[in-house]
Amino acid sequence: MLVVRNNILLLLFHLVVLLVVAQSSFLPPCEPINETVSVEKEGCPKCLVFQTSICSGHCLTKEPVYKSPFSTVYQHVCTYRDVRYETVRLPDCPPGVDPHITYPVALSCDCSLCTMDTSDCTIESLQPDFCMSQREDFPAY
């Protein structure tokens, strides 16, 4: 009876591993992708919409079966590994308002802890091209 139970547990373990591998092979990997984003600044009447590289994709995560208030679980997200910073100029900013905005461009990505400096770590965020003010599309280059 013990042998049968151990064989069933072993089979279940192999099925779980197989499902994880199968699931991860169908999901997009964590990598830089081209995305339309927007930038805006208080004091400037328009937001600028343009194409850049951001990190996007799937990272394997773990959810504990037993949750304890004394244990912490760190989930990894698809975030920037190497970045280059670029600067754009917002149109029609009034005198006295600096029209320049600097933003990160993804060169490579990694599954790691979310860094608030370069990533949106919220559960439900706005779309990357959302604007509060009037939109102005930046021509693709």
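**View 1. Cysteine 109 and its partner, cysteine 55.** Cysteine 109 is buried, with a relative accessible area of 7%. This view comes from a predicted model. Cysteine 109 forms a disulfide with cysteine 55, and the two sulfur atoms sit 2.1 Å apart. What is the handedness of this link? The angle about the S-S bond is -90°, and the link is left-handed. Is cysteine 55 buried or exposed? Cysteine 55 has 13% relative accessibility, so it counts as buried.

**View 2. The whole chain, for orientation.** One helix and five strands make up the chain. Along the sequence the order is α-β-β-β-β-β. The chain has 141 residues, and 23% of them count as buried. The exposed surface comes to about 10,700 Å². Carbon and sulfur atoms supply 61% of that area.

**View 3. Cysteine 30 joined to cysteine 78.** The chain has four disulfides by count. One of them joins cysteine 30 to cysteine 78, with an S to S distance of 2.2 Å. Cysteine 30 sits in the loop between α1 (2-26) and β1 (31-39). Cysteine 78 sits in strand β3, residues 77-89. The link is right-handed, with 85° about the S-S bond. Cysteine 30 and cysteine 78 are both buried.

**View 4. Cysteine 44 joined to cysteine 93.** A disulfide connects cysteine 44 and cysteine 93, S to S 2.0 Å. Here the angle about the S-S bond is 110°, and the link is right-handed. Where do the two cysteines lie? Cysteine 44 is in the loop between β1 and β2 (46-56), and cysteine 93 is in the loop between β3 and β4 (100-112). These are distant parts of the chain, 49 residues apart. Cysteine 44 is buried, and cysteine 93 is buried too.

**View 5. Strands β1 and β2, side by side.** The two strands run antiparallel. How many bridges join β1 to β2? There are nine. Glutamate 35 stands opposite threonine 52, a residue of β2. The hairpin of β1 and β2 has six residues between the strands. In this hairpin, glycine 43 takes a positive phi near 100°. Strand β2 is mostly covered. Of its eleven residues, nine are buried.

**View 6. Phenylalanine 50 facing tyrosine 103.** The chain has one aromatic pair. Its members are phenylalanine 50 and tyrosine 103. The ring centres are 4.9 Å apart. The planes make an angle of 50°, and the pair is tilted. Phenylalanine 50 lies in strand β2 and tyrosine 103 in strand β4, so the pair ties together parts 53 residues apart in sequence. Why does phenylalanine 50 count as buried? Its relative accessibility is 5%, and buried means under 20%. Tyrosine 103 also counts as buried, at 8% relative accessibility.

**View 7. Lysine 46 and aspartate 92 in a salt bridge.** The count of salt bridges is two. In one of them, the side chains of lysine 46 and aspartate 92 meet at 2.8 Å, N to O. Lysine 46 lies in strand β2 and aspartate 92 in the loop between β3 and β4, so the pair ties together parts 46 residues apart in sequence. Lysine 46 counts as buried, at 16% relative accessibility. Aspartate 92 is partly exposed, with a relative accessible area of 49%.

**View 8. Arginine 84 and glutamate 86 in a salt bridge.** Glutamate 86 forms a salt bridge with arginine 84. Their closest N and O atoms are 2.7 Å apart. Are these residues buried or partly exposed? Glutamate 86 has 21% relative accessibility and counts as partly exposed. Arginine 84 is partly exposed as well, at 39% relative accessibility.

Notes. Residues are numbered from 1 along each chain as its sequence is written. This is a predicted model: local features need pLDDT of at least 70, side-chain atom pairs count only at pLDDT 80 or more; totals for chains, interfaces and linings use all residues. Side-chain values use heavy atoms; hydrogens and water are left out. Helices (H or I, at least four residues) and strands (E, at least two) are DSSP runs, numbered from the N terminus. Buried means under 20% relative accessible area, exposed over 50%, partly exposed in between (1.4 Å probe, protein chains only). Accessible areas come from the Shrake-Rupley method with a 1.4 Å probe; for residues, only the protein chains shown count as cover. A disulfide is a pair of cysteine sulfur atoms within 2.5 Å. Two strands pair if DSSP finds at least two bridges between them. Rings of Phe, Tyr and Trp (its six-membered ring) pair if their centres lie within 6.5 Å; planes under 30 degrees apart count as stacked, over 60 as edge-to-face and the rest as tilted. A salt bridge is a side-chain nitrogen of Lys or Arg within 4 Å of a carboxyl oxygen of Asp or Glu.
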